Each structure stands twice: as C-alpha cells, then as structure tokens.
Amino acid sequence: MPGENHIVVIGGSFGGIGVAQNVLASIPNVKITLINTSKDWYFNIAAARILSKPNSTPLDKIIFPIKDNFFSKYSATQFEFIHATATSLDTKAKTVTLSTSQSITYDYLVIATGSHTAAVVSGIPFKQPITDTLHDSIQSAQTRIANASTIVIGGSGAAAIEMAGELAEGYPNKKVTVISGSARLLPVLGEKASAVALKRLHKLGVKVLLGVRVLENNQSGKKGPIELDTGKVIEADLYIPAVGVIPNNSFIPPALLDAAGYLITSPEQTVSSPAVSGVYGIGDITNNPSKMASTITQQIAVTVANLKNDIEKTGTRKAFKPEKTTLVIPIGSKGGVAEMGDFGGIVLWSWLVSLIKGNFFISLAFTISGLKKQ
Ligand SMILES: Cc1cc2nc3c(=O)[nH]c(=O)nc-3n(C[C@H](O)[C@H](O)[C@H](O)COP(=O)(O)OP(=O)(O)OC[C@H]3O[C@@H](n4cnc5c(N)ncnc54)[C@H](O)[C@@H]3O)c2cc1C
C-alpha cells in the first residue's frame, strides 16, 4: 500500500525532483511529499541566454510546472506537492514546519534546497530567487539589462563568462566589462582554457580587467559608480555580481552545517550527525565541493539505493565517489571553452563547444537533468 513510509523532500530542482521521481519508480509502499518555494522548476543552466537574449526562447522552454510535468501520473496517496518554503526542521520530532504554518512529519527526509547567489539577490536570477518570484524576476532582469548601456560583471567563473559572452553577442552596442578578481579567467581550469576564454571574450568586444576586485559594498546590482580595489572608480548602468554562492540553509539546525553553511553529508548522502537519523542531503546544499547539476545524477542514484536499503532492508549501501568535472562554457553562440576533467584536462575546440552547448542545452533540459517529463 502506498503511504507506509513517508519521505519528505525539501527543494524541487535537479536534486529534489530527481530523488522524488526515482524513489516513486523504484520503491513501492512510500508516499513522497515534495516541498518547493516555487511551483515551477527553473532550468537555470540557460540563465545567461534567457536573460541576455529575451526573444531567443519562450519562458515555457526553461520554466516547467513541477506537479504537472514530473508527477502527473501519481495518485494523492503516492505523491503530494506543497508550494511553500520550509522554515524550520526538528530532527528529533522528525517534523518540518512550513511558511504556511503547516507542520509535516516524516519517516525519511531529503534536503535538496540548493543555493542562490549574489546576482539573484541583486535581481538577476542565475538561480531560483529565494522568494516565489521567478517569472517576475526574469522579466524584470531582462528589462534592466535591455535598458543598460554599460554593464559590468564581477567574477571570473563560468557564470560571469557565459553572461559576458551572451550580452556581447545579444547587444553588440552595449559596453560590457568583466572584472576578474583572479589573475586569469576560469582559475579552476588550466591556463590554456583561461587563455581561450579571454581571447573569445576579446573577439566579442568585451573588456576584461584581470586581478582587480570590486569592493564588497558595491555588489548590490544598482546603477552607479563601482569602486575597484585599485582605487579606480568606473561608471555602469548595471552591475552584475557573478560571485558569491549562498546556501539555502535558513531552516536547517546550525549544528548540521559546516563553517560555510553547507549541510554536512557522508558519502552515503546521509546527514553526518549521530543525533540525526533518516535524513539525507543532495546537490548544491551539501558540502560536496562540486556544485554541478551533472554531479547530482550520481548522488540521486546513491540516495535512492540507500533509502531502498533503509526501507526494504535489501541491497547494499552505496557511496558517492566524486569524479573529475567537465566544464563546458559557451561564450556567445559560436564558440566557447571546455576542459575535459576525465581526459587529463584536454581543452576542446571552440567550435565543438558551440556544437555541444551553443544553445545552452535548452532543447535538452530533460536529458541533461535526467528528469523525466510525464
Ligand atoms: C548560471 C549558472 C549556470 C550553470 N550551468 C551549469 C551547467 O552548465 N552544468 C551543470 O552541471 N551545472 C550548472 N550549474 C550548476 C547547477 O545550476 C546546480 O548544480 C543545480 O542547480 C543544483 O541543483 P539543486 O537541486 O541542488 O538545487 P537548486 O537548483 O539550487 O534548487 C534548490 C530548490 O530548492 C528550493 N528551496 C530553497 N530553499 C527552500 C526551502 N526552505 N523550502 C522549500 N524550497 C526551497 C529553491 O526554490 C529551488 O527550487 C549552473 C549554475 C549557474 C548559477
């Protein structure tokens, strides 16, 4: 009978939806309750494209109602979606309290609340906003970008570079500057990849300042002068802080978090505290250093196998083994850079990057995420 074990999943994105779908497909006699701040899933991998080229893609190609798209075939005894935010967690009583004041009791809990970023706080939704304002936030960001003549992006990582490439290509008359705190772009990759990214941005007319930091107090996304640590001040209509990831942890007891605010999980994806049982963590909220959707697929398999083992007392416990990450970064639609982690850091040809991800995987959102449309 469905409903004998109640698994509550908090967070409805790559991790949370993936766990819920895979549990329902492989473990009988469970009820899943999925709680998410927004009723929609945001395919944020395409954020740079959708924000910089608003006419390129209708929003319904990157925003999908969670219940109707992913869980329509399940009955109310098997699956319930709750459109709310978790506000507190009591691991002794095994209850989660929601923004609706509802209190939900679980047998097992999966925390998949991910993170947001400084850009999201400044109104540029690289990820889901922490309040339920996804459509408005995307449309307002598109308008602010369209109305700005000079745009400065702070950061040296993939999000900064993808955004700069898309902006330069989508709006060739705007002045786009990247301010990179590190001495080279993409410092997590090798020097060759950094050089390719710099060359490609220059080709698109983007100005790049290396080894220069924007002072902290100006990272607000507002129009105005931007003070640099060199003492120089530059004017911009829009500043996009493509730095600073912020874990969505406000409801999690602090004892379960590491110093940076991430949920401490074991290789079995369980929460690493002897005082807590039946709680799993998955995706960007965890202290796993790889904050990539591509890593989450493996974490889902481990979590679901271990939940099955908990419930049915069959099979063996599985453990997550981090693999080298492959980063594929389009810089405009006709080129980019990619470093193959599994192949000794080979840097791919720019044209091949555009072939793989020149469209930001928009038509492949379900394939890439491993989520199954129903
Ligand atoms: C611009 C950009 C481009 C990227 N491109 C790639 C890429 O090309 N390839 C790749 O592999 N990865 C990419 N990533 C990383 C990828 O987006 C993340 O790894 C992925 O989103 C993490 O998924 P998640 O399920 O852990 O959480 P998230 O996607 O962060 O989602 C968490 C969900 O939980 C909800 N939530 C948060 N708090 C609560 C609460 N208290 N109660 C209820 N719900 C809550 C949120 O609203 C959200 O829906 C990119 C990231 C960015 C920012």
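**Exercise 1.** Which residues does UniProt list for "transmembrane region"?

*Solution.* The unreviewed UniProt entry lists residues 348-371; such annotations may be inferred rather than shown by experiment, and the positions follow the numbering used here, with feature names shortened. Next, consider the model over that range: the chain is 54% helix and 0% strand, with the end C-alpha atoms 27 Å apart. The model is predicted, so local features need pLDDT of at least 70 and side-chain atom pairs count only at pLDDT 80 or more, while totals for chains, interfaces and linings use all residues. Residues are numbered from 1 along each chain as its sequence is written, and side-chain values use heavy atoms, leaving out hydrogens and water.

**Exercise 2.** State how the protein chain is divided into domains.

*Solution.* Domain 1 comprises 5-37 + 84-114 + 248-312, and domain 2 comprises 120-243; the bounds come from an automatic or database domain assignment. The C-alpha centres of domain 1 and domain 2 lie 33 Å apart.

**Exercise 3.** Describe the sheet that contains strand S7.

*Solution.* Strands are DSSP runs (E, at least two residues), numbered from the N terminus, and two strands pair if DSSP finds at least two bridges between them. The order in this open, antiparallel sheet is S6-S7-S8. Strands S6 (86-90) and S8 (103-105) are the edges, each pairing on one side only. Strand S7 (residues 95-98) is joined to S8 by three bridges; Thr95 has Thr105 in S8 as its bridge partner.

**Exercise 4.** Identify the buried residues of helix H6.

*Solution.* Helix H6 covers residues 158-170. Buried residues (under 20% relative accessible area, 1.4 Å probe, protein chains only) include Ala160, Ile161, Leu167 and Ala168.

Note on methods
Helix = DSSP H or I, 4+ residues; strand = E, 2+ residues; numbered from the N terminus. Expected span 1.5 Å × (residues − 1). Buried < 20%, exposed > 50% of the residue type's maximum accessible area, 1.4 Å probe, protein only.
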